[in-house]
Amino acid sequence: MKKILLSVLVIATPFFVARTSAQCDSTTKMCSAHVIPPFVSDGQTYRAFVSSGENAQFNTTFFAGSTYRIAAGSGMTEGNLIFSIYSVDPNTGDRQLIFSNSQHNYAPYWDFKVNTTVEVSIEASLNPSSGKESGCAVMLIGFKQ
């Protein structure tokens with residue numbers, strides 16, 4: 001019985017990984033449609049597999065005087081992902097909410113300009129109204145040249 005179970009796991013695991021990777025690739029393509037000129041991608045794709053009730057967290061630095069665009073999604077329908085951006089005090093670790101797309105009709109992207117260099121933490125979770133139990137959270141960051 002152990003050999004059968006092990007065989008099933010060995011055979012099924014690559015299919016699960018391939019399916020998850022394909023889902024992330026499709027979501028990335030959807031998000032990249034929002035990072036268009038005059039915005040240029042920072043060259044990174046931020047991905048995490050999230051389940052209902054979990055948060056993915058991405059950390060980055062935004063530099064003074066730059067205009068950024070964050071595009072985020074999960075699955076092939078916009079509005080499935082809630083993303084919230086927090087400034088993080090490097091000395092105390094205190095966080096302050098800068099933006100949440102949940103306050104803007106679950107917008108798939110957001111543009112903003114920072115006046116001072118700031119460390120940020122971006123949290124992403126599945127929108128409960130999407131009905132999804134799990135999915136690939138994808139976020140892209142672009143900046144204006």
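Analyst: Strand E4 covers residues 81-88, and seven of its eight residues are buried, where buried means under 20% relative accessible area, exposed means over 50%, and partly exposed lies in between (1.4 Å probe, protein chains only). Strands (E, at least two residues) and helices (H or I, at least four) are DSSP runs, numbered from the N terminus. This is a predicted model, in which local features need pLDDT of at least 70 and side-chain atom pairs count only at pLDDT 80 or more, while totals for chains, interfaces and linings use all residues. Residues are numbered from 1 along each chain as its sequence is written, and side-chain values use heavy atoms, with hydrogens and water left out.

E4 pairs with strand E5 (residues 95-100) in the antiparallel sense, over five bridges; two strands pair if DSSP finds at least two bridges between them. Val88 has Arg95 of E5 as its bridge partner. Six residues separate E4 from E5 in this hairpin, and Gly93 in the turn has a positive phi of about 80°.

E4 is also joined to E7, by seven bridges, and these two strands run antiparallel. Here Ile82 has Ser125 of E7 as its bridge partner.

E7 spans residues 118-126 and includes Glu119. Beyond its neighbours within four places in sequence, Glu119 is in contact (heavy atoms within 4.5 Å) with residues including Tyr86, Ser87 and Val88, as well as Thr60, Thr61 and Pro90. The C-alpha atoms of Glu119 and Thr61 are separated by 4.4 Å, although the two residues are 58 residues apart along the chain. Glu119 has a relative accessible area of 40%, so this residue counts as partly exposed.
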